[in-house]
Structures are given as C-alpha cells and as structure tokens.
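User: I am new to this structure and would like to know what the descriptions of it rest on. Please take me through some of them.

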Amino acid sequence: MPSEISPTARALRALEVLQTRPGTTANELADRLGVTERAARRYVEILREAGIPVSSARGPHGGYRLGRGTRLPPVSFTQTEALGLVMAVLDGHPDADGDDLVDTALGKVIRALPEDVGRQAAALREHASAAPDRFAARPDTTVTSELVAAIAARRRVLVTYRGESGSEWVAEVDPWAVVVRYGRWYLLCHSHRAGATRTYRVDRVHAVEHTDRGFTPPDGLDPVAALEEHLGTGWQFTTRVVFDAPLADVAPWVGAQMGRLEAVDDGCVLVGSTRNPAMYAQEWLASVPYPFRVEGGPELREAVRALARRFAEAVPDP
C-alpha cells in the first residue's frame with residue numbers, strides 16, 4: 001500500500017475489515033492493510049482510543065472482533081444501489097403511504113443519501129406508482145432511472161423497445177408515469193409513433209434518449225387507474241360478456257384489465273379486448289361467481305366452450 005496513505009485512513013480501513021470479517025487476526029489484518037503486524041496492532045489501538053470497542057482472543061477461533069453497540073460510519077450507496085433499494089420496496093411493499101413504517105424508513109434512507117444519489121432515488125419514489133405484487137419482472141435500474149428523470153422533468157424521450165415477438169423499434173413518447181403492477185414495471189405514456197396512449201414493459205426498454213421537447217401530462221392523471229384501464233383495451237381479440245347480476249355485485253370480481261363494465265337492464269356488460277382468450281376465460285371469467293354469456297369475440301367464445309368441455313369431462317355421469 002502506498003506510503004502516502006495516512007494513519008487515519010489505514011485505521012478506517014482496519015475498521016472496515018473488522019466489520020466485514022470478524023475474527024481477523026493481526027497477521028491477516030496486516031496483509032490487508034499492506035503493513036507489518038506490529039503496525040496493524042497499532043491501528044487497532046487507534047480504533048480503541050477513538051472509543052470503538054475492539055476485542056481480541058487467542059486460539060484457532062480468535063482474532064479481532066468489534067464489540068456490541070459499536071457506532072459504525074454512515075452506510076453509503078451508489079446510485080444503482082439506491083434505485084435498487086427503492087424498486088425492491090415498491091415491489092414488495094406497494095401499499096406504503098406516509099404513515100407506513102416501511103415508507104417512513106425509506107424516506108429517512110433517501111434523505112441521508114448524498115444529494116446527487118438521493119435525487120434519483122427520491123424521483124423514483126415520487127413518480128413510480130404501485131399495485132399489489134404478484135409476479136416479478138425487474139427492469140434495468142439505469143433505464144428506470146432515465147425514464148423517471150424524464151417524467152420528473154416532463155421531457156419527451158426516445159425509447160428503444162423490444163416487443164414480445166423479438167422485433168425492436170424506436171418510439172418517441174411523452175413519459176407520464178412508471179407503474180408497478182403485480183411485480184411488472186410499466187411505462188404509461190403517449191406514443192407519438194402511434195398517436196395514442198401506450199403501455200410499455202420497462203424490462204423490455206433497452207435504451208432511453210432524452211430530447212429537449214417538453215410535454216404536459218393529462219390533468220388529474222391517476223397512473224394506476226389509467227394503466228389498468230388501458231391494459232383492457234387495444235388488444236387483438238375483442239370481448240363482450242353479459243352478466244346476469246347487478247353491476248355493484250359483479251364489479252368487485254372484474255379488474256379494469258378485463259375491460260369496461262357498464263350497467264344494462266337488470267345486469268351489466270363487460271366490453272374489452274385480450275391477447276390471450278384462453279387466459280381470459282380460465283383465469284378471469286371462471287373466477288366470477290355470477291351467470292354470464294359471451295356475446296362478442298369468436299375467439300373468447302371458443303375458449304369458453306373449450307373450458308366448459310374440460311369441466312364437463314372432469315365430472316362424468318354416474
């Protein structure tokens with residue numbers, strides 16, 4: 001280790017070694033500090049003089065250890081680590097609010113971060129909305145950071161996106177919000193390429209390029225509600241399902257991603273679209289405990305027929 005390193009710096013390095021490797025011997029500490037064993041013992045004494053309890057023991061399980069109640073230096077995070085921490089909290093604890101202990105603790109961590117690191121973490125926390133977690137699909141933290149920065153600055157961006165089929169394209173978008181839904185991260189935006197609202201999976205965004213063009217998000221935008229509603233429209237296969245029950249009874253069983261639910265006569269009708277009729281029938285419609293009939297969407301009708309045949313075959317006649 002270069003001779004110009006000060007004794008204070010070596011003492012702090014010794015503290016770091018003891019934090020991460022309890023039981024380090026004087027010889028091991030000397031190797032890590034690049035000094036003699038005698039000098040290593042001196043740096044341990046410096047720590048003790050500073051009020052840091054360092055115990056020592058002989059034998060095969062001996063070495064130096066920090067005592068209980070040791071006040072350690074502040075924890076430091078890189079920008080990527082800080083963003084990963086915020087993302088993990090949103091993934092695993094999406095319903096946190098200002099009175100929640102997890103949310104309060106996260107706020108303290110962010111306020112303690114250096115300004116340049118904390119700014120990105122605070123922006124992510126402010127501009128990312130979450131719905132309850134169910135699955136995991138973690139996007140790249142750098143891409144997420146770039147999107148959140150654009151949302152906070154209200155600047156249009158160019159996103160390089162790879163679709164489910166593997167095709168890749170560049171879209172110019174006004175990024176309205178990042179929304180975490182069931183463990184998947186979505187960008188809710190206005191696409192100038194499509195001239196319409198779009199939702200992009202953030203884990204499929206491979207690059208973000210900022211522009212100098214600004215934008216104004218819609219008034220009163222509710223990112224989670226807007227995403228849920230948008231996920232139920234614009235897909236390949238149309239759907240229309242009529243329920244023989246009042247809207248108030250059916251509504252708790254129908255998510256916005258299934259489409260738009262409206263009252264009609266003595267029941268209600270669900271109009272939407274899907275890219276997966278089989279999943280729509282098996283996972284969504286089958287869970288609704290009210291009579292229904294599929295009036296629109298030949299693909300959904302066939303998916304429901306196939307599901308009905310499976311159920312019928314599962315319970316053969318006596």
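**A sheet and the helices across it**

Analyst: Seven bridges join strand β9 (residues 237–243) to strand β11 (residues 267–274), and the two run antiparallel. This is a predicted model.

User: What makes β9 and β11 a pair?

Analyst: Two strands pair if there are at least two bridges between them. β9 and β11 are joined by seven bridges, so they count as a pair. Within this pairing, V241 stands opposite L270 in β11.

User: Which strands form the open sheet, and in what order?

Analyst: The order is β10-β11-β9-β12, four strands with antiparallel pairing. From one strand to the next, the twist averages 25 degrees.

User: Why are β10 and β12 called edge strands?

Analyst: β10 (260–264) and β12 (292–296) each pair on one side only, and they are the edge strands of the sheet.

User: Which helices lie across these strands?

Analyst: Helix α10 (residues 277–284) lies across β9 and β11, at about 140 degrees to β11. Helix α11 (residues 298–314) lies across β9 and β12, at about 150 degrees to β12.

User: How do you know that the length of α11 is close to what is expected?

Analyst: The expected span is 1.5 Å times one less than the number of residues. α11 has 17 residues, for which 24 Å is expected. From its first C-alpha to its last, α11 reaches 24 Å, so the span is close to expectation.

User: What makes a residue of α11 buried or exposed, and which ones are buried?

Analyst: Buried means under 20% relative accessible area, and exposed means over 50%. By that cut-off, L300, A303 and L307 are the buried residues of α11.

User: How do you know that they are on the same side of α11?

Analyst: L300, A303 and L307 cover an arc of only 60 degrees around the axis, which puts them on the same side of α11. In an α-helix there are 3.6 residues a turn, so residues three or four places apart point the same way.

User: What does the buried side of α11 pack against, and what is on the face turned away from it?

Analyst: The buried residues of α11 pack against β9, α10 and β12. The face turned away carries the exposed residues P298, A312 and E313.

User: How many helices and strands are there in the protein, and what share of residues is buried?

Analyst: The protein has eleven helices and twelve strands. Of its 318 residues, 40% count as buried.

Technical notes
Residues numbered from 1 in each chain as written. Predicted model: local features only at pLDDT ≥ 70, side-chain atom pairs only at ≥ 80, totals over all residues. Heavy atoms only, no water. Axes fitted to C-alpha atoms, helices over the stretch in contact; angles between N-to-C directions. Contact = heavy atoms within 4.5 Å. Buried < 20%, exposed > 50% of the residue type's maximum accessible area, 1.4 Å probe, protein only. Arc of directions from axis to C-beta.
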